[in-house]
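Subject: Structure handover

Hello,

Here is the structure we spoke about handing over. Please look through it first; my notes on what was found follow.

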Amino acid sequence: MSQIGRLSGRTWERLLKECGVDAFNGAQGRILYVLWEHEKLTITDIARLTSLAKTTLTSMLDRMEASGLLKRIPDKNNRRQVFICITEEAKKYREKYNKLSDDMNEIFYDGFTETEISEFENKLRRILENFEKEGI
């Protein structure tokens, strides 16, 4: 699993570079993806949806905010709460990101049948659910 993670990460970074996307890296792309889907999230929500640690997220969000990909907006009802919102600049990358995701899936599932893909993803989902039951 670790080797697959490392190799897929390298492949993803290569695809980003080949496509001319230099505004964000792979992990930052995961953050953008959840924000494209939800528009506005808390850091806790982003951590849960991306499986990135909050401590890791803070510095990544700082860099992404500095580069104009997202912005922080205080919650009007809770002064301690901050929402992370996607910017118009970041929205411009969604189409390329989706294309790269499709390319990555083609590499990942090369030679698999639709049934094998479905079975594999169902098993991975079950493993994920097992971890979630543990509160991880």
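A crossing of two helices is called right-handed if the near helix is turned clockwise from the far one by less than a right angle, and left-handed if anticlockwise. That term is needed further down. Please keep in mind that this is a predicted model.

The chain as a whole

The protein chain holds 7 helices and 3 strands. Followed along the sequence, these elements come in the order α-α-β-α-α-β-β-α-α-α. Along the principal axes, the C-alpha atoms occupy a box of roughly 50 × 40 × 25 Å. Of the 136 residues in the protein chain, 29% are buried. As for how the sequence folds back on itself, take the contacts between residues at least 6 apart in sequence: 51% of them join residues at least 24 apart.

Helix 2 and helix 3

Two packed helices are described by the angle between their axes and the distance between the axes. For helix 2 (residues 26-38) and helix 3 (residues 43-50), the angle is about 115° and the axes are 10 Å apart. Angles from 65 to 115 degrees count as roughly perpendicular, so helix 2 and helix 3 are described as roughly perpendicular to each other. The crossing of helix 2 past helix 3 is right-handed.

Which residues make this contact? From helix 2 come Arg30, Ile31, Val34, Leu35 and His38, and they meet Ile46, Leu49 and Thr50 of helix 3. Sorted by class, the contact of helix 2 with helix 3 has 5 nonpolar residues, 2 polar and 1 charged.

Two buried residues

Gly26 is part of helix 2. Buried means under 20% relative accessible area, and Gly26, at 10%, therefore counts as buried. Leaving out residues up to four places away in sequence, Gly26 touches Trp12, Glu13 and Leu16. Leu16 is 10 residues from Gly26 along the chain, and the C-alpha atoms of the two are separated by 8.0 Å.

Thr87 sits in the loop between strand 3 (82-86) and helix 5 (88-91). With a relative accessible area of 13%, Thr87 is buried as well. Again leaving out residues up to four places away in sequence, Thr87 touches Gly68, Leu69, Leu70 and Lys71.

Two residues with positive phi

Where does Glu39 lie? Glu39 is in the loop between helix 2 and strand 1 (40-42). Although Glu39 is not a glycine, its phi is positive, at about 70°. The relative accessibility of Glu39 is 40%, so this residue counts as partly exposed.

Ser51 belongs to the loop between helix 3 and helix 4 (54-66). Its phi is near 65°, again a positive value in a residue other than glycine. Is Ser51 buried or exposed? Exposed is the cut-off for values over 50%, and Ser51, at 64% relative accessibility, therefore counts as exposed.

That is what I have to pass on. A note on methods is to follow.

Regards

Conventions. Residues numbered from 1 in each chain as written. Predicted model: local features only at pLDDT ≥ 70, side-chain atom pairs only at ≥ 80, totals over all residues. Heavy atoms only, no water. Axes fitted to C-alpha atoms, helices over the stretch in contact; angles between N-to-C directions. Helix = DSSP H or I, 4+ residues; strand = E, 2+ residues; numbered from the N terminus. Parallel < 35°, antiparallel > 145°, perpendicular 65-115°, else oblique. Contact = heavy atoms within 4.5 Å. Nonpolar A, V, L, I, M, F, W, Y, C, P; charged D, E, K, R; others polar. Buried < 20%, exposed > 50% of the residue type's maximum accessible area, 1.4 Å probe, protein only.
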